[in-house]
Amino acid sequence: MTTIRFSICKSVMTPAQMQPCTPELLNAAFDNQLVSNTCREIATNLQKVKEGTLTRDAFETLKGELKAQNLPVACFHANFTDGYRHNESAVPSGLSIYDVDHLTIDPRTYYNTKVAGREAELQIPLAHISPSNEGVRLVFVMPKGMSLAEAQQWMADQLGDETYDGKVKDMARCSFIVCRDYLLHYDEEMLFAEREVDVPENGVTTGTNETTVLPPSADDETAVFEDNFLGVSYPQIVHAMEELLGGVPAQGARNNFIFAMACHLRYVCNDDPRWIAQVMPRYGEEEAKFISTVRSACNRPQTKTVPDLVNRAIEMARKQQQVDELIQQNGINAPKPPVMPQKLTKFMRLITKNVPEHLKPSVAMSVFPSLGAHCKGVKFRYNDNALVEPTFMNVNVAEMSSGKSAVNKPIDAIMADIKEQDTKNRKLMQEYKEQYDACPADEQKPERPKGLAVQWVKSDMTPAAFVQLMADAGGRFLYTRMDEIGMLNQLKTNGKGNNVTEILRLAYDCGEYGQERVGTKSVSECVEVRWNWNASTTPGKCRRFFADSMLDGTLSRMSFCTIYTDDDRMPLYGIYDDKYTKQVQDMVAQLNDAKGLVVCKKANALIAEMLEENRQYSALADDDVYRDLSYRATLSAFKRGMVLYIMNGQKWSKEIEEFVRWSFHYDMWCKMWIFGEKMRRAMDLDKAALVPGRRNLMEFLADDFTLDDLNTVRRAQGMRGDGQAQLRKWLQRGYCTFNPATQQYTKSQQFISKHQKQAA
């Protein structure tokens, strides 16, 4: 038999999404920034273990979580006909893996001593350091006629290893993919070569039926069993069971707790001690004793009826998982912004191809104001039936010298046609001004030319010039690019101080703006504001500039992006030449040609889903700031999707859908990162201003209450800080008493008889 190739999947948590691996997919995984960051984080924490600042148990738990959440996996043993990682559909690839774990020496030393120089002899196309940074993994071509177990033993004999990982006998066994820095040897041609595979009929084994294999330990680098029970992840089930069994055990109670937990996990782990050992924490117990306890639990007689505690734990875990998925999807509390989709539309691939990976998100978000400037008379129908236009205002917020100017070249390519037309019209306008000034008499002065639209304008203009330029544009968009957000102050409404934000709000809604003057030479126009712009700034300057605009709707109308990287190497850019500009212009032409109402039902269906998800998240998180910002952020994401829809020949695609979702979550992450706390404080002050005066807080408390109850009441009344000082005063004045055993406060009879009678 000739195999096609081995398989790959984006996560060990999705065993039903295995796909044939290609060199492109594998190389993309090696170069993925998240993979690199994860390997680096695991290595950093391993160093803490060696320094004694982190326990081994804590490291193992952290390592397991990081790998499961962030690292893609490959199954080098096989491909799967149904895309599901199990032995029933496994098609052998002719490859196997050989793991050497828990080395006491540097993994590179082991490799250089035993393997280096013998790769061709041993038919090893791939070798790398394991994600734990404590082992080596070899991918090798199996000798013909050998089973997986025999191939493992053969490699051990070749290397002179007396002990090796004997659990690598399962066709469905997968391996976590590491970053390119961890690669010790990589022969792409050999790895992906077609080969004759001759595996004995009994060579495919199922890890769950081999009684000779020991239960997986916490040190395993891979998962053999299912990662969920009826769609609920095992970590969630274990956490729920911990709560129902009284919480994580203290030292001295571990063995009984592990036994009880294992007895309950039998019902969701197929009564398999190895499966239980894979999903269950050690709680600080020694490995041998832990395994013995799990086995004892599985030898205990089992009832046919699933215990009520197990059903309750599954339901609790399911609900918590739904909450966690919503929070993860929204990504607001994540330490870094959401990762940009790897699969992009043709235009997005083109416009971001010349910048390094960490700059692609800021470029992708920043190009939409210039794209929208190419639309004239184009409208979209939003889910509330309102007609909207491609209005975009984008602020790139990042530290100094971080690469914010990377957006300029892509924008120049997009605006090339407008800039060329502007140059011609500016020349004609200058000729008109010269003729006008040269005429001695008013009656001889020429009339102002019609239709001389100049779209790419400077921020330094008077309100009159702004209105006149808008009128000349005849329904087209004006566009401005500013190197600093403060340049917006050059345009002020009627010269009355810094209230430029009024124009910004009008620009997003295409609202009316103008001025009336009696002078014959003055500008008297009323126009619909169509003005897209880009600006850059640093986080501190951005917060100061919008300090007075937290709650007036200005921020929700804008989109924000940032630049996130921990790589301090000089970025390498591609070449922006005439060929590149022509490619961009060929795609931008579709925006110029678009007219009238553009409808895409799939875009509206996606927005309906997102609106419901945002509503649920806002309720679960009880976050008013997120709720208020999410409304227009969803609308802006819809507009981005519709612009890409036009540029894709008015064909909806999965790439557009993924970009719309990502751009929303990315925009929201940036807004919450920059303004979240300031907006919360502003909202608290705004709500506090509605309260006519402070009331007796004990009126809101039950006769028996706790410190937490008081703090809840204080927050509801717009008060900040902890209520401990207030309780001390109440105790001193005899308003309440305290019971140390129950940690509860009780209103005194003195207080009840005096104050509650008055209240009555």
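Start with the cysteines: the disulfide count here comes to zero, taking a pair of sulfur atoms within 2.5 Å as the test. Keep in mind as you click around that this is a predicted model.

Select Cys 174 and then Cys 75. Cys 174 is in no disulfide, and the nearest cysteine sulfur to Cys 174, the one on Cys 75, sits 6.7 Å away. Is Cys 174 buried or exposed? Cys 174 is buried, with a relative accessible area of 1%. While you're on cysteines, hop over to Cys 736: that residue has a relative accessibility of 4%, so it counts as buried too, the cut-off being under 20%.

**Next stop: helices 2 and 3**

Select residues 33-51 for helix 2 and residues 56-70 for helix 3. Their axes come within 10 Å and cross at roughly 175°, so helix 2 is roughly antiparallel to helix 3. Now show side chains. From helix 2, look for Leu 34, Val 35, Thr 38, Glu 41, Ile 42, Asn 45, Leu 46 and Val 49; they meet Arg 56, Phe 59, Leu 62, Lys 63, Leu 66, Lys 67 and Asn 70 in helix 3. Colour that contact by class and you get eight nonpolar, three polar and four charged residues.

**Then: the end of helix 6**

Pick out residues 148-159, which make up helix 6, and go to Leu 159. Leu 159 is buried, at 6% relative accessible area. Which residues does Leu 159 touch, leaving aside neighbours within four places in sequence? Select Tyr 98, Tyr 110, Lys 114, Val 115, Arg 118, Leu 122 and Leu 138 to see those contacts.

**Last stop: helices 9 and 11**

Grab residues 254-265 (helix 9) and residues 287-299 (helix 11). These two pack at an angle of about 45°, with their axes 8 Å apart, so they are oblique to each other. On the helix 9 side, select Asn 255, Ile 258, Phe 259, Ala 262 and Cys 263; on the helix 11 side, they meet Lys 289, Phe 290, Thr 293, Val 294, Ser 296 and Ala 297. By class, that contact divides into seven nonpolar, three polar and one charged residue.

Note on methods: Residues are numbered from 1 along each chain as its sequence is written. This is a predicted model: local features need pLDDT of at least 70, side-chain atom pairs count only at pLDDT 80 or more; totals for chains, interfaces and linings use all residues. Side-chain values use heavy atoms; hydrogens and water are left out. Axes are lines fitted to C-alpha atoms, for helices over the stretch in contact, and angles run from 0 to 180 degrees between N-to-C directions. Helices (H or I, at least four residues) and strands (E, at least two) are DSSP runs, numbered from the N terminus. Angles under 35 degrees count as roughly parallel, over 145 as roughly antiparallel, 65 to 115 as roughly perpendicular and the rest as oblique. Contact means heavy atoms within 4.5 Å. Ala, Val, Leu, Ile, Met, Phe, Trp, Tyr, Cys and Pro count as nonpolar, Asp, Glu, Lys and Arg as charged, and the others, Gly among them, as polar. Buried means under 20% relative accessible area, exposed over 50%, partly exposed in between (1.4 Å probe, protein chains only).
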